[in-house]
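Reader: I would like to learn how to read side-chain contacts in a model. Could we take them one kind at a time, with the general idea before each case?

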Amino acid sequence: MRKDIRIAGAGGQGVILASVILAKAYGINEHYYVSQTQSYGPEARGGACKAEVVVSDSYIDYMKVESADLFIAFNQFGYEKYKEETRSDCIILVNSSLVKTDPVNEQIYKLPATEIAETQFEPFTVNIIMLGGLTKLLPKLHFKSTRESIKSNFSNSMAQINLEAFDQGYHYIESHYFNNLHKNCS
Amino acid sequence: MLKQKVIEIHGEKVIQGNEACSEAAIHVGCKFFAGYPITPSTEIIEYMSESLYKNEGMFIQMEDEISAMCAILGARWGGKKSMTATSGPGFTLMQEALGYGIVTETPTVVVNVQRGGPATGQPTFSSQQDVYQAKYGSHGDYEIICITPSSVQEMFDFTIKAFNLSEKYRTPVILLTDEIIGHMRERIIIPDCIEIEEKEYVKRCEEPFGRDDQHIPHAGNFFEGRNILVEGQLHDEKGRRIGHIAQKSGEFIRALTGKIRDNHKDLTDITYKYLEDADIAIIAFGSVVRSAERTVKMAREYGIKAGLIKVNIIWPFPEDEIYRLAGHIKTVIVPEMNMGKYCLEIERCLKKSKVISVPKLGGNIHKPMELFEIIKKEKNLQ
């Protein structure tokens, strides 16, 4: 099994942090081989930002993503730039607060992460809400593993709000797209 | 002599290449780090500032890379293993003091996490453009040891190797990596035990720069009870200046380069795959190895007899081993993230083979498909 995951967005949206937490969840908690790479400009905020995670049950040779199995877009620019570099059966998750998608493509999962973050949490939790939705869509990744990975990445006070945001993203995708297929959340 | 050291906190980790390098440095006993932060090597400096504080070492953020390089040389003569980390622009500034480290035969490790150049260039993008600078950057005749990791695990393992070789040969060692490897996170295994080179120096030695049969000097540190002059001019076995004596100066340079040239077998580190029946091969180093490896697998699945040669120590150039492994192979492809530099050495070595340089500019790594297309073209399979 090899899964190529690509996350695209803008600098400052937490694209890279989301990919790091994901890589640790797979690598440490699920014991898979992982390679996480990134590409960004010299700006601290703004500008295009892309992060890639390759997960495999055997040694990973090429560590970049050519055609994504899972593509996550945090903003419109990222979506437009990479939507073609995907496999035909690619699962696409977008931050629907900021991304307008092609209406004919039914494979796209929409999660209004910016809206949820701003109304229920803090603006900086956008990436973790997206990570929640992504965890629901990813194969061989348990809800608990990503949660553990979030806990170990933040101090106690920050972990709490991020865990709540993560749960919210996870359950949003679950309730909107998987009504009858409940994943084990214990 | 290699001595075993047990690592208490070992096991699996998902960490960045830069962090793996720093962690290895701490385990191998590095107690002094001087540097100036620069993308994409800053994580090493951040990690070392915290770790050395916890491990009774010393960290100094210097005013620039010139002083950083000078400081790590001084620290080693003071008796502590030392290291610095930088990227292209900083590596350029370090060249003068690097030469000083070579002539004074000071063991230390310089990490260059390459980014696109020249000058400020591409701060956040990768390259392998400093391949020649690592060998020829400073003036005068000298040889250097330069190691190129291609994974996060190798960042850990090769940092230990860099320290050990620097101690063994008493010379600065360059760990030449790039942005992709430095910033990449992978699952690695921290071993429960590592081997550390520990030399037993002759105390109160009359000839601190006297050499053993491998041309390696047995100088120890300062403050060990001997009078010792350490300076940049060529010197005899007692440390006295000999720059004005042609014959002795020539002998010194022959010994300085000889300790690396004559030990090239010990300094050859190559791994290879699928070479037994190969009639086409890719020779690569650093991050590009990962693309090359995938390409070779793709070619094998396609029925093409392709092989891979991965060079771990690029300088001194492993001429004999490359010739032994690839001398009979018809076509050799050399992908590099520069204009095509290392391929010139390969060409010089493999005169009977067709050597194809595949340069890649702009900061991205070669895609396996690009290399596969070249293989197919060479095999007339298009």
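Reader: Which ring does the charged end of R187(B) sit over?

Author: In general, a charge sits over a ring if NZ of Lys or CZ of Arg is within 6 Å of the ring centre and within 35 degrees of the ring normal. In this predicted model, the charged end of R187(B) lies over the ring of Y33(A), at 4.6 Å from the ring centre. Likewise, the charged end of R170(B) is placed over the ring of W77(B), 5.2 Å from the centre of that ring.

Reader: What should I keep in mind about the numbering and the counting?

Author: Residues are numbered from 1 along each chain as its sequence is written, while chains are lettered from A and ligands numbered from 1 in the order in which they are written. Because this is a predicted model, local features need pLDDT of at least 70 and side-chain atom pairs count only at pLDDT 80 or more, whereas totals for chains, interfaces and linings use all residues, and side-chain values use heavy atoms, with hydrogens and water left out.

Reader: Are E52(A) and R6(A) buried or exposed?

Author: Both E52(A) and R6(A) are buried, where buried means under 20% relative accessible area, exposed over 50%, and partly exposed in between, with a 1.4 Å probe and protein chains only.

Reader: Which parts of chain A does the salt bridge between K136(A) and E174(A) tie together?

Author: K136(A) and E174(A) meet at 3.7 Å, N to O.

Reader: Which residues are linked in a network of salt bridges?

Author: The network links R2(A), D4(A), D61(A), R294(B) and K297(B).

Reader: How should I read a pair of aromatic rings?

Author: A pair of aromatic rings is described by the distance of the centres and the angle of the planes. Rings of Phe, Tyr and Trp (its six-membered ring) pair if their centres lie within 6.5 Å, and planes under 30 degrees apart count as stacked, over 60 as edge-to-face and the rest as tilted. By this rule the count is 15 aromatic pairs over all chains. Among them, Y26(A) and Y32(A) are edge-to-face, at 5.9 Å centre to centre and with 90 degrees between the planes. Y26(A) is buried at 1% relative accessibility, and Y32(A) is buried with a relative accessible area of 13%. F166(A) and Y170(A), by contrast, form a tilted pair, 6.4 Å centre to centre with 40 degrees between the planes.

Notes: A salt bridge is a side-chain nitrogen of Lys or Arg within 4 Å of a carboxyl oxygen of Asp or Glu.
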